[in-house]
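Hi everyone, thanks for coming. Today I'd like to walk you through one protein chain, starting with the whole and ending with a few single residues.

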Amino acid sequence: MQQKSEVIYLRAHHLICINTFSGLGYSDAFINNMARIVEALNSPSQPLRIIDRLDDICAFCCHSDGRQCLKNGKLVLEMDNKVKEILQIDLSTDKIYTAGFLNKKVERAMKKGFFCKVCKDCEWFTICCQLLKCNG
């Protein structure tokens with residue numbers, strides 16, 4: 001019998017970050033955690049829940065105090081809201097998605113220029129643009 005995967009909790013904008021992750025990050029702990037999450041989300045059946053607070057990625061970020069983003073919480077919230085709007089994610093339903101379902105939605109949106117609309121003010125924007133070969 002196959003073991004059921006634990007639910008991964010993600011902020012909406014992290015749906016983009018997992019698609020542009022290239023092994024860079026704030027610390028070894030952050031990079032290792034991010035790599036683990038990216039690998040888990042490569043499984044189409046991996047359950048995940050979109051949340052509007054610190055998530056499983058934030059847990060290892062040096063800009064988190066365990067309760068909130070200390071670097072630019074307003075920008076992060078704006079990016080989350082843009083992603084939720086574009087992908088039509090309603091947090092009021094407390095829905096658990098599969099990684100495969102959300103990965104397809106993100107992939108379609110990225111082809112329509114979604115990345116530049118959401119991420120243009122992020123500190124990682126230039127690096128991600130190079131990875132995506134976009135004109136950012």
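This is a predicted model: local features need pLDDT of at least 70, side-chain atom pairs count only at pLDDT 80 or more; totals for chains, interfaces and linings use all residues.

Let's begin with the fold. If you trace the chain, you will find six helices and three strands. Their order along the sequence is β-α-α-β-α-β-α-α-α.

How about the overall dimensions? Along the principal axes, the C-alpha atoms fill a box of roughly 45 × 35 × 30 Å. A compact globule of 136 residues would have a radius of gyration near 14 Å, and this chain has 14 Å, so the two agree. Now look at who touches whom: among contacts with a separation of 6 or more, 72% are between residues 24 or more positions apart.

What about the inside and the outside? Of the 136 residues, 38% count as buried. The chain exposes about 8,400 Å², and carbon and sulfur atoms supply 50% of that area. As for charge, there are 19 positive and 15 negative charges, and their mean positions lie 6 Å apart.

Next, the core. Which residues have the most contacts inside the largest nonpolar core? They are L10, L15, L48 and I50, in a core of 32 residues. Several elements each supply at least two residues of this core, including strands β1 (8-11) and β2 (47-51) and helices α1 (14-20) and α3 (73-87). Helix α2 gives the most, with five residues.

Let's zoom in on L10.

Is R49 buried or exposed? With a relative accessible area of 15%, R49 is buried, because the cut-off is under 20%. Setting aside neighbours within four places, R49 is in contact with V7, I8, Y9, L10, D94, K95 and I96.

My last stop is Q88, in the loop between α3 and β3 (97-98). Most residues other than glycine have a negative phi. Q88 is not a glycine, yet its phi is positive, at about 55°. Q88 counts as exposed, because its relative accessibility is 66% and the cut-off is over 50%.

That's my tour, and I'm happy to take questions.

How values were computed:
Residues are numbered from 1 along each chain as its sequence is written. Side-chain values use heavy atoms; hydrogens and water are left out. Helices (H or I, at least four residues) and strands (E, at least two) are DSSP runs, numbered from the N terminus. The radius of gyration is taken over C-alpha atoms; the globule rule is 2.2 Å times the number of residues to the power 0.38. Buried means under 20% relative accessible area, exposed over 50%, partly exposed in between (1.4 Å probe, protein chains only). Contact means heavy atoms within 4.5 Å. Accessible areas come from the Shrake-Rupley method with a 1.4 Å probe; for residues, only the protein chains shown count as cover. Lys and Arg count as positive and Asp and Glu as negative; His and the chain ends are not counted. The place of a charge is taken as NZ of Lys, CZ of Arg, CG of Asp or CD of Glu. A nonpolar core is a set of buried Ala, Val, Leu, Ile, Met, Phe, Trp, Tyr and Cys residues joined through side-chain atoms within 4.5 Å.
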